[in-house]
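Dear colleague,

Please find below the structure that I am handing over to you, together with its sequence. A summary of the findings follows it.

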Amino acid sequence: TDLVDSIVIGMSGASPRVDVEQVPLALAVFHSVFNLTNAFVFIWFTKLIERIVMRVLPSKPDTEEEFHLRFITTGMLTTSELSQIQAKKELSLFAEHTHKMFGMVRQMLTEEMSSSDFEKLFEKIKKQEDLSDNVEVEIANYLTKVNQGKLSDEGRRRNKAMLKIVGEIESVGDANFSIARLINRVRTQNLSMPPMVKEKLLLMFDLVDKALSVMDKNLSSDEFKCDLKSAQVCESDINTFRNQEKAQNFENVKNEEYPYELGVYFTDMLQECEELGDYVINVSEALAEV
């Protein structure tokens, strides 16, 4: 209060303790000083406060933010070109969603198959795949409406490309679920996955993850720009690794390093990863065609 009193005297020449008319100014000064002091004190403890809040209110591991449309929920915009911009943003978000799904599949592979977390991951992936189907239909319907508006030749090429892209991204979601089902079948049939097999699958997953990252980057560009060369390198690496490991798998099964049934599931997962890579490169090729 002495500090506030001195500030007010310096500003108005009168003390609020003596002059009642200075009380509103004194209250304003008090609140300003109080807030500035709080900011100065707490700014040094933001990390500590964050840790305390996370400990008091921890996030639940089984909760996942629902995937939903974000940019085209308000309907058509004033021009078809503006609507296309919104649709492309939605495609970028859709691609990021399928990339996150693939991260769940990878986590499923590394999870202990007898744990409840494994089952929760599988159900979560299944749910996300259903959501992807719905999102594909909504985006495709929106693009169909855009196509009915006034578009330039370039605009029609963009719309055609985006209609193709939305189908390819949905196919990535389908492939994610197919891989998850194969991993789950290994579990339900009580097959043990040797570290060697898991390590090779993780290497393939690394290649696919890199391809998905390139796809995300290409789609996130404001314009229809595309780093097609990087996408093609990723696709080539996936194909080469698939061919190499399918040949090696034949020898491993022949040498009884693991059961024939597991070898079948192993090659099926490799094939699904390769097909997922095909969908990913199709997205970049569609962008490049525009």
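**Helix packing**

Helices α4 and α5 pass each other in a left-handed crossing. Please note that the model is a predicted one. Helix α4 covers residues 80-110, and its axis lies 10 Å from that of α5, at an angle of about 165°. An angle over 145 degrees counts as roughly antiparallel, and α4 and α5 are therefore roughly antiparallel to each other. Their contact is made up of 16 nonpolar, 8 polar and 4 charged residues.

In the contact of α6 with α9, 19 residues are nonpolar, 4 are polar and 6 are charged.

The crossing of α8 and α9 is left-handed. Their contact contains 11 nonpolar, 8 polar and 7 charged residues.

**Salt bridges**

The whole structure contains 7 salt bridges according to the search. One of them joins E119 and R187, with 2.5 Å between the closest N and O atoms. This pair connects distant parts of the chain: E119 belongs to helix α5 (residues 116-147) and R187 to helix α6, with the two residues 68 residues apart.

**A nonpolar surface patch**

Which residues form a nonpolar patch on the surface? The patch consists of F40, V41, F42, I43, W44, F45, L48, I49, I52, V53, V56 and L57, and their accessible area together is about 1,200 Å². Helices α2 (23-42) and α3 (46-56) each contribute at least two residues to the patch. Helix α3 provides the largest share, with 5 residues; V56 is located in this helix.

With kind regards

Technical notes. Residues numbered from 1 in each chain as written. Predicted model: local features only at pLDDT ≥ 70, side-chain atom pairs only at ≥ 80, totals over all residues. Heavy atoms only, no water. Nonpolar A, V, L, I, M, F, W, Y, C, P; charged D, E, K, R; others polar. Patch = residues over 30% accessible without salt bridge, like charges linked within 9 Å, V, L, I, M, F, W, Y side chains within 5 Å. Areas by Shrake-Rupley, 256 points an atom, 1.4 Å probe, with all protein chains shown as cover. Salt bridge = Lys/Arg side-chain N within 4 Å of Asp/Glu carboxyl O. Helix = DSSP H or I, 4+ residues; strand = E, 2+ residues; numbered from the N terminus. Axes fitted to C-alpha atoms, helices over the stretch in contact; angles between N-to-C directions. Parallel < 35°, antiparallel > 145°, perpendicular 65-115°, else oblique. Left-handed = near helix turned anticlockwise from the far one by under 90°.
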